[in-house]
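Please look through the sequence and the model shown here before reading on.

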Amino acid sequence: RSASRQGYSISRQTRDNAHMPPISLRRPRPGQIDPSTPTNFEPPDLVDLEPPPSGFRRHRLKARIGTGHDWYLRARDALLAGTPFELPWVSIEGTDRLFQAGQSHTVNSRIWPLWVSSPVRVLDVVDAPHRCAVTIDALVGHPVSGQERLSVAFELAGGAVTFEIDSVSRPVGAARFASPLVRIAQARFRASAADAMATASRPPR
């Protein structure tokens, strides 16, 4: 679908969102997210729009992480358990149970010497026989405005198991002045998440 054809627009309040996430030299302590915290973008199906609305950028990474249906089932379990966010420099609060639609989480990321806490909410979870996907919304207080979909799929022809991240976003608030660094951190996350999924879905020894 075309963003312009649908007549979508990004409000000035969203464009100029000055809410910035907590930044610290120390790893953040666990905290609660207000259930009423809104997303920091519109429309609600942002990641499905092609092309994205003005000012937003789409970034995709698709990697083959294994072969076979058993491998897919392990990858599916790893995705729902939040494995893409279990990295040496990234953690997510609230993944002691499987991702569920409506859950709010805090993603803590270490970007060079600083820790940044970014609130997110699971928009939906699609758990089909050969594909599992989790769509995540950025909330007010996140350094970027946008939406991200993480998925694993089993290809019947050939048996390949793939992991994909599809995101549409733009820096907001003060993060706009560090856009190149934000993009670098996002690219690093995509590559690291793919590596983590490949490792987590390998057959047990």
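**Strands, pocket and a loop residue**

In the hairpin that β7 and β8 make, five residues lie between the strands, and Gly-158 has a positive phi near 105 degrees. This is a predicted model, in which local features need pLDDT of at least 70 and side-chain atom pairs count only at pLDDT 80 or more, while totals for chains, interfaces and linings use all residues. Residues are numbered from 1 along each chain as its sequence is written, and side-chain values use heavy atoms, with hydrogens and water left out. Helices (H or I, at least four residues) and strands (E, at least two) are DSSP runs numbered from the N terminus.

The pairing of β7 with β8 is antiparallel and covers 11 bridges; strands count as paired if DSSP finds at least two bridges between them. Within this pairing, Leu-150 is opposite Ile-165 in β8. Strand β6 (residues 131-138) also runs antiparallel to β7, joined by seven bridges, and Cys-132 is opposite Val-152 in β7. β6 and β7 form a hairpin too, with five residues between them, and Gly-141 in its turn has a positive phi of about 110 degrees.

How many residues of strand β7 are buried? In β7 (residues 144-154), 11 of the 11 residues are buried, so the strand is largely enclosed by the rest of the structure. Buried means under 20% relative accessible area, exposed over 50% and partly exposed in between, with a 1.4 Å probe and protein chains only. In a regular strand, side chains alternate between the two faces of the sheet. In β7, Val-144, Gly-146, Glu-148, Leu-150, Val-152 and Phe-154 point one way, Ser-145, Gln-147, Arg-149, Ser-151 and Ala-153 the other, and all are buried.

The largest pocket holds about 750 Å³ of space. It is lined by 37 residues, the closest to its centre being Ile-111, His-142, Pro-143, Val-144 and Gln-186. A pocket is an open set of points on a 1 Å grid over the protein atoms alone, where a 1.4 Å probe fits, with protein on both sides within 12 Å along at least five of seven lines; lining residues have an atom within 4 Å of a point. α4 gives the largest share of this lining, six residues. β4 (104-111), β5 (114-128), β6, β7, β8 and α4 each supply at least two.

Ala-175 lies in the loop between β8 (160-171) and α4 (179-200). This residue is buried, with a relative accessible area of 7%. The C-alpha atoms of Ala-175 and His-142 are 9.5 Å apart, with the two residues 33 residues apart along the chain.

How values were computed
Points joined across faces, edges and corners; volume = space filled by probe spheres on them.
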